[in-house]
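Please read the following briefing alongside the sequence and the model.

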Amino acid sequence: MMGIIVRGLEKSSLPDGQRFSVISFYLSRARRIIPALIVLCAFTLMIGGFFLSAYEYQALSVYVITALGFFSNFKFWRESGYFDAASHENLLLHTWSLSVEWQFYLILPVILLAVWKFRAGRVPLTILVVVGFLLSLLLSIILTPLKPNAAFYLLPARAWEMLAGGLVYLLANKKFKSPNKQRLIEGCGFALIIVSIALFDASSLWPGWCALVPVVGTMLVLISARQGSLWTGSRIAQWLGNCSYSLYLWHWPFVVAIVYLQRQNQPKAIAIGLILTLLSGWLSYRLIETPARTTLIKMKQLNAAIVLLIASLIVAIPSLFIQLQEGIPSRLPTQANVISHEVENVNPRRSECHVSIVLPFQNVLMVENS
């Protein structure tokens, strides 16, 4: 994304260059992101109508709206932590990162364009990105032990991870690296990624300084730029890269399904979930993501924007109806509704009697009874 914006700004400075358009940048991101997301939301809404209680279905409808509006991270920030048990029953929990990414895309070109108008050139942009990276990283390290949910879900504490990619584009010099140095840099990068998988778990303070390990590892892999790498240049790796967005969209509903069926500790169930994820991701990429993007590119910008808006509303409006109808209890037998309503059977003064306190530098939640 940094490369697209910077190259666009540089071309706009040429005598016969076309002016960089922030709106065009937004639309290109929308063509890439929204169609497959709409299908995922529609699918989860349809499946939820058969299997979820009224309480759960109403909650899902809200999550669909927030996902399509790209503010689900704010919703989850106010509710629970990513690693909480309840979060693993949310079919659209993973859309928090898509919302953060979209918010980043909204802000980044505007700021870079403003700096470019003030002083054109890569040096001012690089200084800006370095400062933004350091400030966001510092905020993440400070905020993670104090306000873990805010640090995890909100853009200010996560922007540095995306700006890291911009730093690779702006600072990495690929001209003077020998093949041996490339292999060494790539090996160090993958070593850091593997170490992060081995060392960190749900009890680790995240993101904070811990996130530096996989992020730096990824930066090193990108800097190495090894075209014939066994790790990144194989057909399997390239296929996974091409389908990565659709795989990201579809993996989490299968994780939730496995947890819902209480099969999360069974290798066979996990293997089936992985296979279904790969199949769904491939189908989404071939039948939705690629055709939709190709079709929308051929349209005029205004027409493409209208099509995306209408498609989003086709899913968002029924979701709003479900929310207003409190999950449409008439879908289910009376006994099932009685059981599901017990979820809301709590003391109305519970919030006064139980105070949740997150202690600094501890990833635990203590409950103090008054």
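Cys-243 counts as buried, at 1% relative accessibility; buried means under 20% relative accessible area, exposed over 50% and partly exposed in between (1.4 Å probe, protein chains only). This is a predicted model, in which local features need pLDDT of at least 70 and side-chain atom pairs count only at pLDDT 80 or more, while totals for chains, interfaces and linings use all residues. Residues are numbered from 1 along each chain as its sequence is written, and side-chain values use heavy atoms, with hydrogens and water left out.

**Cysteines**
- Cys-210 is also buried, because its relative accessible area is 6%.
- The whole structure was searched for disulfides (pairs of cysteine sulfur atoms within 2.5 Å), and zero were found.

**Confidence and overall composition**
- The average pLDDT (the predictor's confidence in each residue, from 0 to 100) is 88 for the protein, and 86% of the residues score at least 70.
- Residues 357-370 have pLDDT under 50 throughout, and the model gives them 29 contacts beyond four places in sequence; contact means heavy atoms within 4.5 Å.
- The protein has 16 helices and two strands, where helices (H or I, at least four residues) and strands (E, at least two) are DSSP runs numbered from the N terminus.
- Buried residues make up 39% of the 370 residues of the protein.
- Of the contacts between residues at least 6 apart in sequence, 73% join residues at least 24 apart.
- The protein exposes about 21300 Å², of which carbon and sulfur atoms supply 67%; accessible areas come from the Shrake-Rupley method with a 1.4 Å probe, and for residues only the protein chains shown count as cover.

**The largest nonpolar core**
- In soluble globular proteins, nonpolar side chains tend to be buried together.
- A nonpolar core is a set of buried Ala, Val, Leu, Ile, Met, Phe, Trp, Tyr and Cys residues joined through side-chain atoms within 4.5 Å.
- The largest such core here has 71 residues, and those touching the most other members are Leu-9, Leu-37, Cys-41, Leu-60, Val-64, Leu-68 and Leu-249.
- Helix α2 (residues 22-51) contributes 13 residues, the largest share of this core.
- Apart from neighbours within four places in sequence, Val-64 is in contact with Cys-41, Thr-44, Leu-45, Leu-92, Val-315 and Ser-319.

**Helix α6 (residues 122-146)**
- Helix α6 has 25 residues and spans 36 Å from its first C-alpha to its last, close to the 36 Å expected at 1.5 Å a residue; the expected span is 1.5 Å times one less than the number of residues.
- Its buried residues are Pro-124, Leu-125, Thr-126, Val-129, Phe-133, Ser-136, Leu-137, Ser-140, Thr-144 and Pro-145.
- The packing partners of these buried α6 residues are α1 (2-12), α5 (95-118), α7 (148-153), α8 (155-171) and α10 (212-224).
- Leu-135 also lies in helix α6, but this residue counts as exposed because its relative accessibility is 55%.
- The C-alpha of Leu-135 is 8.9 Å from that of Ala-157, and the two residues are 22 residues apart along the chain.

- Ala-54 is located in helix α3 (residues 54-68) and counts as buried because its relative accessibility is 3%.
- Ala-54 and Leu-332 are 278 residues apart along the chain, and 8.0 Å separates their C-alpha atoms.
- Pro-179 belongs to helix α9 and is exposed, because its relative accessible area is 51%.
- Between the C-alpha atoms of Pro-179 and Ala-225, which are 46 residues apart along the chain, the separation is 10.0 Å.

**Backbone geometry in the loops**
- Most residues other than glycine have a negative phi, and most peptide bonds are trans.
- The peptide bond from Trp-206 to Pro-207 is cis, with omega near 5°; Pro-207 is placed in the loop between α9 (179-199) and α10.
- Ala-225 is not a glycine, yet has a positive phi of about 50°.
- This alanine, Ala-225, sits in the loop between α10 and α11 (235-242) and is buried, because its relative accessible area is 19%.
- Glu-326, likewise not a glycine, has a positive phi of about 55°.
- The position of Glu-326 is in the loop between α14 (301-324) and α15 (334-341), and the residue is exposed because its relative accessible area is 52%.
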